[in-house]
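Subject: Structure for you, with notes

Hi,

Here is the structure I said I would pass on.

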Amino acid sequence: MLTFMHSFESCTQDSSAALAIIDDVFTVLKGIMPEINSFYLRQDNAGCYHCASTLLSVYRVATKHRINLKCVDFADPQSGKGSCDHTAATIKVT
């Protein structure tokens, strides 16, 4: 499992931002592991990840990078107790 963190001073958390971050993650992955051709994407349950525009577009972004996206999975909403939130908590800066 790899975790990527993107930090913004100011950003609207919407589908466009989510897709730009996913595109960057795919770019980095292909740069460090050019042999990668498929993987599973797990995200927290924020609305910008499971809205229709993101779900429809994420596969096109993967195709652009020649990645076969096997599954898009969401962590269960657990009020900050999901696996994505645990990982994020270890890198938060106060």
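At roughly what angle do the axes of helix α1 and helix α3 cross? The two axes come within 10 Å and cross at roughly 25 degrees, with α1 covering residues 15-32 and α3 covering residues 52-64. (Axes here are lines fitted to C-alpha atoms, for helices over the stretch in contact, and angles run from 0 to 180 degrees between N-to-C directions.) That makes α1 and α3 roughly parallel to each other; angles under 35 degrees count as roughly parallel, over 145 as roughly antiparallel, 65 to 115 as roughly perpendicular and the rest as oblique. The crossing is right-handed, meaning that the near helix is turned clockwise from the far one by less than a right angle.

Before going on, some housekeeping. This is a predicted model, in which local features need pLDDT of at least 70 and side-chain atom pairs count only at pLDDT 80 or more, while totals for chains, interfaces and linings use all residues. Residues are numbered from 1 along each chain as its sequence is written, and side-chain values use heavy atoms, with hydrogens and water left out.

Now the whole chain. It has four helices and two strands, in the order α-β-α-α-β-α from the N terminus on. (Helices, H or I with at least four residues, and strands, E with at least two, are DSSP runs numbered from the N terminus.) Of the 94 residues, 27% are buried, where buried means under 20% relative accessible area, exposed over 50% and partly exposed in between, with a 1.4 Å probe and protein chains only. Among contacts between residues at least 6 apart in sequence, 73% join residues at least 24 apart; contact means heavy atoms within 4.5 Å.

Back to the helix pair. α1 has 18 residues and reaches 26 Å from its first C-alpha to its last, close to the expected 26 Å. α3 has 13 residues and reaches 19 Å, close to the expected 18 Å. (The expected span is 1.5 Å times one less than the number of residues.) Buried in α1 are Ser15, Ala17, Ala18, Leu19, Ile22, Val25, Phe26 and Leu29, and in α3 Thr54, Val58, Val61 and Ala62.

Thr63 lies in α3 and counts as exposed at 56% relative accessibility; Thr63 and Asn37 are 26 residues apart in sequence and 10.0 Å apart in space, C-alpha to C-alpha. Lys64 is also in α3 and counts as exposed, at 57%. Lys64 and Thr27 are 37 residues apart in sequence but 9.8 Å apart in space, again C-alpha to C-alpha.

His65 sits in the loop between α3 and β2 (68-74). Is His65 buried or exposed? With 13% relative accessibility, His65 counts as buried. Leaving aside neighbours within four places in sequence, His65 is in contact with Asp23, Phe26, Thr27 and Lys30.

Arg66 is in that loop between α3 and β2 as well, and is exposed, with a relative accessible area of 73%. Its phi is near 60 degrees, a positive value in a residue other than glycine. Most residues other than glycine have a negative phi.

Cheers
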